[in-house]
Amino acid sequence: MNIGPIRILGIDPGLRNTGWGLIEAAGTRLTYVGCGSIHTDAGDSLAERLALIHRAIAKLVDDERPAEAAVEETFVNRDPQSTLKLGQARGAALAALALMELPVAEYAANLIKKTVVGVGHAEKAQVQMMVKMLLPASQAKSPDAADALAVAICHASHRTARARGAA
């Protein structure tokens with residue numbers, strides 16, 4: 001297991017906006033590195049939008065050199081078309097991370113919220129507030145970026161237990 005700080009990339013996938021958050025974790029100490037959103041244009045074809053997500057994540061990994069990544073799992077919406085599009089955006093993100101040879105963990109939204117806020121059904125505003133408390137230097141200007149930082153925080157919290165379970 002890595003003893004020094006480890007750089008973790010969190011991804012909150014979405015077809016319109018894919019959030020990303022980058023932290024460093026050294027034991028229980030978390031340090032904000034960066035965050036943002038990958039925006040796609042609804043006027044572009046689905047294939048173009050997925051390619052943009054894939055390229056942007058690959059470039060981010062190439063530029064920032066995280067050691068591990070974590071992605072929020074897809075939740076099922078009432079609208080099957082929305083769920084399918086979210087799944088496709090998530091697939092583009094997972095493919096980009098895997099092709100960049102990063103270990104990727106996946107977490108349910110409820111586990112992410114429970115880890116960060118303490119409640120599995122927390123509101124987005126509560127997640128944003130706790131991310132700011134845990135990472136005071138964070139510059140999350142969008143809910144997608146804050147959610148991605150929450151994914152990274154969740155992974156930092158659970159990665160040791162996951163590693164032990166895999167051994």
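**Close-up views of helices H1 and H2 and their surroundings**

H1 passes H2 in a right-handed crossing, a crossing being right-handed if the near helix is turned clockwise from the far one by less than a right angle, and left-handed if anticlockwise. The structure is a predicted model, in which local features need pLDDT of at least 70 and side-chain atom pairs count only at pLDDT 80 or more, whereas totals for chains, interfaces and linings use all residues. Residues are numbered from 1 along each chain as its sequence is written, and side-chain values use heavy atoms, with hydrogens and water left out.

**View 1. The packing of helix H1 against helix H2.** Helix H1 covers residues 46–64 and helix H2 residues 80–99, and the two pack at an angle of about 35° with their axes 8 Å apart. The axes are lines fitted to C-alpha atoms, for helices over the stretch in contact, and angles run from 0 to 180 degrees between N-to-C directions; helices (H or I, at least four residues) and strands (E, at least two) are DSSP runs numbered from the N terminus. On the H1 side, Leu46, Leu50, Ile53, His54, Ile57, Ala58 and Val61 meet Gln88, Ala89, Ala92, Ala93, Ala95, Ala96, Leu97 and Leu99 of H2, where contact means heavy atoms within 4.5 Å. By class, this contact of H1 with H2 has 13 nonpolar, two polar and no charged residues, with Ala, Val, Leu, Ile, Met, Phe, Trp, Tyr, Cys and Pro counted as nonpolar, Asp, Glu, Lys and Arg as charged, and the others, Gly among them, as polar.

**View 2. Ile53 within helix H1.** Ile53 has its place in helix H1 and, at 0% relative accessibility, counts as buried, a term that means under 20% relative accessible area, with exposed over 50% and partly exposed in between (1.4 Å probe, protein chains only). Leaving aside neighbours within four places in sequence, Ile53 is in contact with Gly14, Leu15, Thr18, Ile38, Thr40, Ala89, Ala92 and Ala93.

View 3. H2 has 20 residues and reaches 28 Å from its first C-alpha to its last, close to the 28 Å expected at 1.5 Å a residue, the expected span being 1.5 Å times one less than the number of residues. At the start of H2, a side-chain oxygen of Asp79 reaches to within 3.1 Å of the backbone nitrogen of Gln81. Among the buried residues of H2 are Thr83, Leu86, Arg90 and Leu94, and the buried residues of this helix pack against strand E1 (6–12), H1, strand E4 (68–72) and strand E5 (104–107). Glu101, in the loop between H2 and E5, has a positive phi of about 65° although it is not a glycine, and is exposed, with a relative accessible area of 72%.

**View 4. Arg65 in the loop between H1 and E4.** Arg65 is not a glycine, yet its phi is positive, at about 55°. The residue Arg65 is exposed, with a relative accessible area of 56%.

**View 5. Glu68 in strand E4.** Glu68 is buried, with a relative accessible area of 15%. Its side chain makes a polar contact of 2.6 Å with the side chain of His155, and another polar contact, of 2.7 Å, joins the side chains of Glu68 and Arg159. A polar contact is a pair of N or O atoms within 3.5 Å; within protein, one must be able to donate a hydrogen and the other to accept it, and residues adjacent in sequence count only if both atoms are side-chain atoms. Leaving aside neighbours within four places in sequence, the contacts of Glu68 also include Ile6, Arg7, Ile8, Leu9, Leu102 and Pro103.
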